[in-house]
Amino acid sequence: MINKSLSALGNVINALTCSSSKSNHIPYRDSKLTRLLQDALGGNSRTALICCCSPSTSNSSETFSTLRFGTRAKHIKTSPTAKRIVDAETGARWNAVDVPTKEESVKRILAEVKLIPTVKHIDHASDAPKKDDHHGRTLAKLRERLDDEDVNLLEELLILGLIPVQKKTWNQAAKTSPHSPHHFSLISVGLCVCLQLKSENKALKARIAASGTMEGGRKEAELRAIRDGLSLAWSLGFRRPSFLRRVNCSVKNQEEAVAVAEAASHKGTIEGVNGVKALLWVLRGRIDEVRLQALLQAHEAHRWDLLRRRSIRVLDSLQVALRSQSHNSQGAKVGGMWSIHRKFIHGDAATAMAAKSSVVVLKIFVSIIILSLSFLSYSATSTEFNYPAAFNFGDSNSDTGDLAAGLGFRLGLPYGQTYFNPPTGRFCDGRLILDFLMDAMDLPFLNAYLEAVGLPNFRRGCNFAAAGSTINPATPTSVCPFSFGIQVSQFLRFKARVIELLSKSKKFDKYLPAEDYFQKGLYMFDIGQNDLAGAFYSKSFDQVVASIPTTLVEFENGIKRLYDEGARNFWIHNTGPLGCLAQNVAKFGTDPSKLDELGCVAGHNQAAKLFNLQLHALTKKLQSQYADSNITHVDIYTIKSNLIANYSRYGFEQPIMACCGYGGPPLNYDSRVGCGQTKVINNATVAAKACNDSTEYVNWDGIHYTEAANQYVSSEVLTGKYSDPPFADKMPFALSLKF
């Protein structure tokens with residue numbers, strides 16, 4: 001039956017392409033297939049023919065036959081026939097292809113309405129339509145498309161003259177048939193107005209419903225409104241004595257006075273110290289002296305810390321923007337200026353002064369501070385990102401010291417030399433992608449869960465990521481015992497312990513997250529790299545790929561446990577190009593045939609792509625399964641691959657070779673000597689030292705990226721175009737990076 005249908009289809013194609021006379025018979029009825037395809041092949045449809053071919057030589061005959069069939073079908077000349085539509089009432093006829101769709105009509109009428117000149121006065125008595133037969137027929141047409149309630153609303157709008165239609169249009173509509181273009185214009189305008197009113201009504205109902213849910217926390221909402229209102233007034237410049245007196249009169253008790261004072265000391269810092277001190281002085285009668293002095297000190301500390309952090313952010317943005325020019329002398333000068341001023345911001349003024357003369361340093365400082373202050377004025381008007389806390393799970397790509405604290409070892413220099421100095425347990429010369437994201441969201445760097453020394457503060461979140469972690473449960477030979485399931489269990493204990501302590505005493509409030517932070521917070525994930533990379537040491541490519549579904553089932557179980565505990569905002573990174581890490585190139589890239597055009601191990605990158613495809617599919621499933629959650633998938637692989645492929649465009653000089661290592665070019669990596677270590681190899685003492693300028697390298701120690709590379713990756717993440725769903729409209733703070 002199939003062969004008969006295909007044969008009949010071939011005959012139809014031949015008849016359509018070879019016939020010279022219109023009266024030639026086309027055998028559409030020879031089979032059911034050709035009968036079904038009659039409209040597609042006869043000219044009244046837009047048809048696409050897909051030819052499936054095989055590159056294998058064993059299928060060459062079928063391939064040639066398919067291509068010949070496609071070539072014949074390509075010569076079919078269609079001749080569409082316009083169908084006629086007859087109006088049952090008037091007998092009017094028109095072509096079906098000329099009848100506009102509802103959307104096209106609405107767009108066309110809206111364009112006409114926009115051309116109507118605006119008038120200051122409307123004579124409703126002369127311009128508005130009267131309730132005659134034409135008016136009734138117009139409303140009857142509207143009832144065919146809308147509900148009776150909507151039509152009644154439009155009838156009132158039409159009578160009152162609130163729909164912007166010219167008098168000429170009404171007159172022409174009254175003289176012509178109800179099926180004329182003028183009546184159709186009125187119907188289309190009515191549809192537009194109705195849809196707009198429906199949308200506004202829906203938004204209003206949503207706001208009313210949202211306000212109803214706040215009755216339980218009415219007092220907290222009132223205090224929040226006081227803070228937000230004061231912040232808005234402060235940003236608009238309302239700092240005159242009359243405004244301050246009105247604020248003082250509106251304060252009813254000490255609780256509200258403290259709320260207003262705290263808002264002034266934290267929200268209005270950018271606008272200047274004098275205005276804030278004036279407000280605190282006005283409120284001095286409502287707040288005790290000790291509390292007032294504490295607020296003043298907190299205000300000063302917050303102001304200078306905000307100024308320092310945002311100045312550093314400006315400098316980081318400048319470095320990204322000027323990195324493309326670093327290959328010339330002018331770019332090198334700018335890079336040197338950035339380095340000197342950065343040391344000045346961090347308090348290392350002596351080093352900066354020693355590097356350049358005092359005059360040059362002064363010029364640099366003044367110019368950069370001017371740019372910083374202009375940036376601060378812009379950032380002050382941008383919308384604040386509203387996640388109160390963040391909780392991170394992952395491996396060494398986002399570990400802020402968990403493994404070092406958990407296993408009790410010290411990660412010494414040169415780790416951390418670029419930013420922290422001394423090291424903080426991060427496997428990088430400076431900041432990680434996580435650190436840049438936290439800074440962009442105006443959140444502090446996350447403390448490691450297992451770090452017990454140094455007064456760790458978990459008020460705005462906690463980091464459970466540990467270097468060497470895997471999604472799959474750890475084995476006796478694993479580098480790290482804190483697998484993803486263990487990290488989730490640590491979080492559950494952390495949450496339970498926090499709630500227990502907060503219920504006992506309020507003295508822990510400034511160190512621990514509030515209970516509602518666990519639902520409103522952002523849960524971030526960057527894990528899975530070690531599952532793939534470690535598997536290649538004992539498994540073939542096919543075995544590694546076959547283990548991916550099992551790994552993702554474990555990941556899904558962890559997400560479900562967090563969801564059951566109230567987590568609703570998930571941020572998931574996929575894994576990067578494993579084959580481009582110097583560690584994997586040194587181990588698995590000794591055979592040049594296994595390397596791709598970038599010098600990366602092709603098998604590792606292929607496995608990473610397959611892992612990412614299935615991870616993306618899992619996130620889509622979770623998005624539909626947990627409809628009340630926000631689940632974002634971030635394509636880290638594409639960002640890092642683009643960086644490695646076009647490294648020189650972004651100011652880097654080495655895409656794969658490690659900055660800190662031993663062995664020299666082309667990889668500068670030796671698994672026997674880790675970064676910063678000194679060992680005896682072949683009766684010779686060797687040391688793995690850091691390069692002179694880590695900003696020229698993408699890779700730091702053969703496994704992890706440099707701070708400069710992490711900064712580039714985070715800036716691309718914050719554009720929103722590598723995320724599913726895109727989040728640029730939901731994260732307006734990303735605009736602050738576009739310097």
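**A guided tour from His633**

Select His633 first: at 5% relative accessibility, His633 counts as buried (buried means under 20% relative accessible area, exposed over 50%, and partly exposed in between, with a 1.4 Å probe and protein chains only). The model is predicted, so local features need pLDDT of at least 70 and side-chain atom pairs count only at pLDDT 80 or more, while totals for chains, interfaces and linings use all residues. Residues are numbered from 1 along each chain as its sequence is written, and side-chain values use heavy atoms, with hydrogens and water left out.

His633 belongs to strand E7, residues 630-634. Helices (H or I, at least four residues) and strands (E, at least two) are DSSP runs numbered from the N terminus. Now display the contacts of His633, where contact means heavy atoms within 4.5 Å. Leaving aside residues up to four places away in sequence, His633 touches Ile572, Asn574, Asn612, Leu615, His616, Thr619, Tyr722, Ser723 and Asp724.

**Helix H27**

Next, select residues 602-625, which form helix H27. The 24 residues of H27 should span 34 Å at 1.5 Å a residue, and the end C-alpha atoms are 35 Å apart, which agrees; the expected span is 1.5 Å times one less than the number of residues. Which residues of H27 are buried? They are His604, Asn605, Ala607, Ala608, Phe611, Asn612, Leu615, Leu618, Thr619 and Leu622. An α-helix has 3.6 residues a turn, so residues three or four places apart point the same way.

**Helices H21 and H25**

Move to helix H21 (residues 484-504) and helix H25 (residues 548-564), whose axes come within 10 Å and cross at roughly 5°. Axes are lines fitted to C-alpha atoms, for helices over the stretch in contact, and angles run from 0 to 180 degrees between N-to-C directions. The crossing angle makes H21 roughly parallel to H25 (angles under 35 degrees count as roughly parallel, over 145 as roughly antiparallel, 65 to 115 as roughly perpendicular and the rest as oblique). To see the contact, select Phe484, Gly485, Val488, Ser489, Phe491 and Leu492 in H21, which meet Glu554, Phe555, Gly558, Ile559, Arg561 and Leu562 in H25. The residues of this contact comprise 7 nonpolar, 3 polar and 2 charged; Ala, Val, Leu, Ile, Met, Phe, Trp, Tyr, Cys and Pro count as nonpolar, Asp, Glu, Lys and Arg as charged, and the others, Gly among them, as polar.

Gln529 is in helix H23, residues 529-535. Gln529 is buried, with a relative accessible area of 10%. Its contacts, not counting residues up to four places away in sequence, are Asp395, Asn397, Thr575, Leu578, Leu581 and Ile703.

Ser648, by contrast, counts as exposed at 52% relative accessibility. Ser648 sits in the loop between helix H28 (636-645) and strand E8 (654-658).

**Backbone features**

Most residues other than glycine have a negative phi, and most peptide bonds are trans. The peptide bond from Asn421 to Pro422 is cis, with omega near 20°; Pro422 lies in the loop between helix H19 (402-407) and helix H20 (433-440). Asp724 and Pro725 are also joined by a cis peptide bond, with omega about 0°.

Finally, select Asn683, in the loop between strand E9 (678-681) and strand E10 (684-687). Phi of Asn683 is near 65°, a positive value, and Asn683 counts as exposed at 81% relative accessibility.
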